[in-house]
Amino acid sequence: MSGDQESSPTRGRLAFVHGGLFLLTCATTFAAGSQLSGPFDPAGGAAFAGTLMAILLCHEMGHYVVARRHRVDVSLPYFIPLPPFISLGTMGAVIRMKRPISDRNQLIDVGAAGPLAGLAAAIPLLVLGLWLSPVTVITSSDALVEGNSLAYIALKYLVHGRYLPGADGADVQLHPVAFAAWVGLLITMINLIPVGQLDGGHIASGYLADRHERSSAWLHRFLLVVGAGAL
């Protein structure tokens, strides 16, 4: 057996780690979802956790399947649980590669596969969640107000037949499925920023090669300015 091959006990331990982290992250996202609307809500927690974990799993398996098709030596995803009372229960997941991908076409394929697979899951789940979300006039100052985007506005219009939020203060009262799908969409968009080890960084590196380092440095500075302006 070559040194690159793992023994059965090692594979068994790794399977336990991957499965354990996945189940723990399911638990933390369930706890986070259960407390989003105030009193402990197990049904809402299950809907939130199931939706968010499905999107994250599709995202990571998109990377994994395409990497394996290219014969890139990658691990199964390591899901990252977070304390539910200070977060949404997870910081996503990572996949470990034994060596960097040197082929630029493979790098683009593997980098893009995750966001595409995540979006393929997030968009229909968001439509379903919006369909389950009633439109009401939001009056409480403590109400959760999610950010809008052109795609999100279009989906709300598609489902409810009107521009939301409306001039009368009406907006969707997000069902846990809708909120989890919105979070999945947001995570995907952030992950496409073309810097560092984000998926967007890998895609940009595949396209731009050595020029990516220079463009990434300028983008880092621009993001700092944008962040400072948003404070």
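A residue is called buried when its relative accessible area is under 20%, exposed when it is over 50%, and partly exposed in between. The views below come from a predicted model.

**View 1. Two cysteines, C26 and C58, in the predicted model.** C26 has a relative accessibility of 23%, so it counts as partly exposed. C58 is also in the partly exposed class, because its relative accessible area is 33%. A search of the whole structure finds zero disulfides.

**View 2. G19 in helix 1 and its distance to P77.** Helix 1 covers residues 8–34 and contains G19. The relative accessible area of G19 is 30%, so this glycine is partly exposed. In sequence, G19 and P77 are 58 residues apart. In space, their C-alpha atoms are 9.5 Å apart.

**View 3. A nonpolar surface patch that includes W131.** L128, W131 and L132 make this patch, which has an area of about 330 Å². W131 lies in helix 3, which spans residues 104–132. W131 counts as exposed because its relative accessibility is 62%.

**View 4. The whole protein, as a setting for the close-ups.** The protein has seven helices and four strands. Along the sequence they follow the pattern α-α-β-β-α-β-α-β-α-α-α. Of its 231 residues, 35% count as buried. Among contacts with a separation of 6 or more, 64% are between residues 24 or more positions apart. The accessible surface comes to about 13200 Å², and carbon and sulfur atoms account for 67% of that area.

Definitions and conventions. Residues are numbered from 1 along each chain as its sequence is written. This is a predicted model: local features need pLDDT of at least 70, side-chain atom pairs count only at pLDDT 80 or more; totals for chains, interfaces and linings use all residues. Side-chain values use heavy atoms; hydrogens and water are left out. Patches are made of residues with over 30% relative accessible area and no salt bridge: like charges are joined within 9 Å, nonpolar side chains (Val, Leu, Ile, Met, Phe, Trp, Tyr) within 5 Å. Accessible areas come from the Shrake-Rupley method with a 1.4 Å probe; for residues, only the protein chains shown count as cover. A salt bridge is a side-chain nitrogen of Lys or Arg within 4 Å of a carboxyl oxygen of Asp or Glu. Helices (H or I, at least four residues) and strands (E, at least two) are DSSP runs, numbered from the N terminus. Buried means under 20% relative accessible area, exposed over 50%, partly exposed in between (1.4 Å probe, protein chains only). A disulfide is a pair of cysteine sulfur atoms within 2.5 Å. Contact means heavy atoms within 4.5 Å.
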